Amino acid sequence: MTSTLLLRAARRTLIAGTTALLVGTVAAPSFVTPTFAADGPASVADLAQGVLGAVVNISTSQTVKGTEGPGAVPMPQLPEGSPFQDFFDDFFKNRGGGKDNSAQKVQSLGSGFVIDAEQGIVVTNNHVIADADDIEVNFSDGVTLKATLVGTDTKTDVAVLKVDPKGHKLTAVKFGDSTKMRVGDWVMAVGNPFGLGGTVTVGIVSARNRDINSGPYDDFIQTDAAINRGNSGGPLFNSVGEVIGINTAIISPSGGSIGIGFSIPSQLASGVVEQLRQFGETRRGWLGVRIQPVTDDIAESLGMATAKGALVAGVIKGGPVDNGTIQAGDVIIKFDGKDIHEMRDLPRVVAESPVGKAVDVLIVRKGVEQTVKVTLGRLEDGEKLASGENGNTEQDKGKQAPAVSTASVLGMTVGELNDETRKKFSIAADVSGVVITDVAKDSAAAERGIQPGEVITEIAQESVATPKDVMDRIGALKEQGRKNALLMLASKTGELRFVTIRMD
């Protein structure tokens with residue numbers, strides 16, 4: 001059991017609950033830029049003084065059931081007249097664990113910051129305010145204002161709140177350019193760790209482009225500026241008081257800072273905030289493809305000098321490129337002028353593009369680079385379309401076919417895909433190719449996770465329909481001196497993936 005935990009830095013639960021804040025765009029407050037010595041900033045007092053008024057504490061409350069949820073501890077049955085009776089009565093009653101099973105309010109704390117003083121817009125993490133019934137924003141001078149939720153985005157963990165700007169004179173900070181931050185640059189975090197509001201910590205950018213598997217667009221700034229529970233949703237400032245990150249998670253065995261914290265970069269967060277303010281929801285670009293990484297083996301099989309880009313494993317029916325503009329087997333290496341170094345770069349770049357925009361996409365198709373023009377759809381619409389694309393699982397009702405012909409190749413036994421094999425492996429009617437009926441243990445195919453019931457639809461980007469086609473394609477690749485065979489496999493329902501198998 002590992003002792004290191006990835007924790008959301010944002011909220012500190014008092015009884016239970018969540019916290020939140022809002023976002024906007026306004027000029028940064030005026031203050032003196034700190035003087036930096038060789039070993040770090042001589043002082044960040046002027047910087048802190050200029051931004052503290054814009055950083056807020058977020059407190060939330062939520063009504064929850066008292067006792068009968070999973071893991072609830074029942075009140076022990078004590079003998080009549082037991083001296084512990086009064087103690088347990090009071091304890092379980094206060095927890096909501098008594099016989100009345102009444103609901104109770106739970107509370108939690110987090111951080112946030114004002115980005116638009118005129119409109120009263122506050123930004124925080126989504127997980128700070130998730131499921132909250134009431135949200136309050138607490139300012140550094142002790143004023144508390146009720147907040148309403150403008151919008152949230154679970155994919156980036158960003159939430160936007162709004163308070164009445166007439167209820168308090170607000171100070172705002174603005175987003176800076178996180179792309180200009182370099183590893184080693186000094187940064188300052190301000191927030192509400194463990195309920196201690198207005199806490200300032202200083203550190204450096206430890207790393208960039210961190211993927212911590214928290215969402216599809218992970219691109220975190222890592223910092224050693226102390227971030228603890230309750231810091232979630234708080235700002236990470238550069239040396240001139242611009243917000244270049246939203247503190248959101250830490251790695252820690254105890255919940256306290258060990259110098260590994262993560263912030264959502266402003267380049268990603270600012271666009272999300274603007275969409276939430278404008279629409280109350282996100283409106284991301286959508287390409288309509290399923291992708292997978294380009295490994296060294298796949299790159300070699302495709303005739304690419306280096307492994308880069310995102311390999312298109314499938315095209316979603318009804319999506320923006322269902323017209324054949326982009327095809328399964330294509331490798332996307334540049335999107336709208338931006339290089340795609342690895343698979344995870346593509347979803348983020350596409351999502352940041354406007355819906356309906358026509359963009360140039362540079363692809364590698366059968367070893368040749370070419371540029372295609374595509375018009376982006378909307379991701380939120382595409383998710384609904386993709387979720388309904390379950391494949392046609394109705395089986396053919398025709399007569400039994402004669403015994404199938406089979407072949408053995410690369411540790412696989414392959415056979416014709418007909419009525420009998422479709423029924424045996426529950427393969428959808430719209431899947432075509434050559435079915436894998438058996439995989440030898442410890443074979444090259446088994447090492448790649450290939451299983452009986454999968455269907456070979458292409459080998460080296462050439463369609464196959466019979467076991468003889470498979471043998472011929474493998475033989476041709478060996479004659480060409482190829483070391484790997486690139487297979488496009490379809491699952492029983494038609495989901496595609498690419499696999500390379502060593503042929504030596």
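Trainee: In β14, which residue is the bridge partner of alanine 189?

Mentor: Keep in mind that we're looking at a predicted model. Strands β11 and β14 (residues 235-237) pair in the antiparallel sense, over 2 bridges. Within β14, the partner of alanine 189 is leucine 236.

Trainee: And which residue in β12 stands opposite glycine 191?

Mentor: Here β11 pairs with β12 (residues 199-210), again in the antiparallel sense, and there are 6 bridges. Opposite glycine 191 you'll find threonine 199.

Trainee: How many of the 6 residues of β11 are buried?

Mentor: Buried is a matter of having under 20% relative accessible area. Strand β11 covers residues 186-191, and it's largely enclosed by the rest of the structure, because the number of its residues that are buried is 5.

Trainee: Let's turn to the rings. What kind of pair do phenylalanine 113 and phenylalanine 175 form?

Mentor: Searching the whole structure turns up 2 aromatic pairs. For phenylalanine 113 and phenylalanine 175, the ring centres are 6.0 Å apart and the planes meet at 85°. Planes over 60 degrees apart count as edge-to-face, so this pair is edge-to-face.

Trainee: How many residues apart are they in the chain?

Mentor: Phenylalanine 113 belongs to strand β6 (residues 104-116), while phenylalanine 175 is in the loop between β10 (158-162) and β11. Both are buried. The pair links distant parts of the chain, and the separation is 62 residues.

Trainee: What about phenylalanine 220 and phenylalanine 262: what's the angle between their planes?

Mentor: These two also make an aromatic pair, with 6.2 Å from centre to centre. It's an edge-to-face pair, and the angle between the planes is 65°.

Trainee: How wide an arc do the buried residues of α4 cover around the axis?

Mentor: In α4 the buried residues are Ser266, Leu268, Ala269, Val272, Val273 and Leu276. They sit on the same side of α4, because their arc is only 150°.

Trainee: How far apart are the end C-alpha atoms of α4?

Mentor: Helix α4 has 14 residues (266-279), and at 1.5 Å a residue it should span 20 Å. That agrees with the distance in the model, which is 19 Å.

Trainee: Last one: which residue has its charged end over the ring of phenylalanine 279?

Mentor: Just after α4, glycine 280 takes a positive phi of about 75°. As for the ring of phenylalanine 279, the charged end sits 3.9 Å from its centre and belongs to arginine 283.

Definitions and conventions. Residues numbered from 1 in each chain as written. Predicted model: local features only at pLDDT ≥ 70, side-chain atom pairs only at ≥ 80, totals over all residues. Heavy atoms only, no water. Buried < 20%, exposed > 50% of the residue type's maximum accessible area, 1.4 Å probe, protein only. Helix = DSSP H or I, 4+ residues; strand = E, 2+ residues; numbered from the N terminus. Pairing = 2+ DSSP bridges. Phe/Tyr/Trp six-rings, centres within 6.5 Å; stacked < 30°, edge-to-face > 60°. Lys NZ or Arg CZ within 6 Å of the ring centre and 35° of its normal. Expected span 1.5 Å × (residues − 1). Arc of directions from axis to C-beta.
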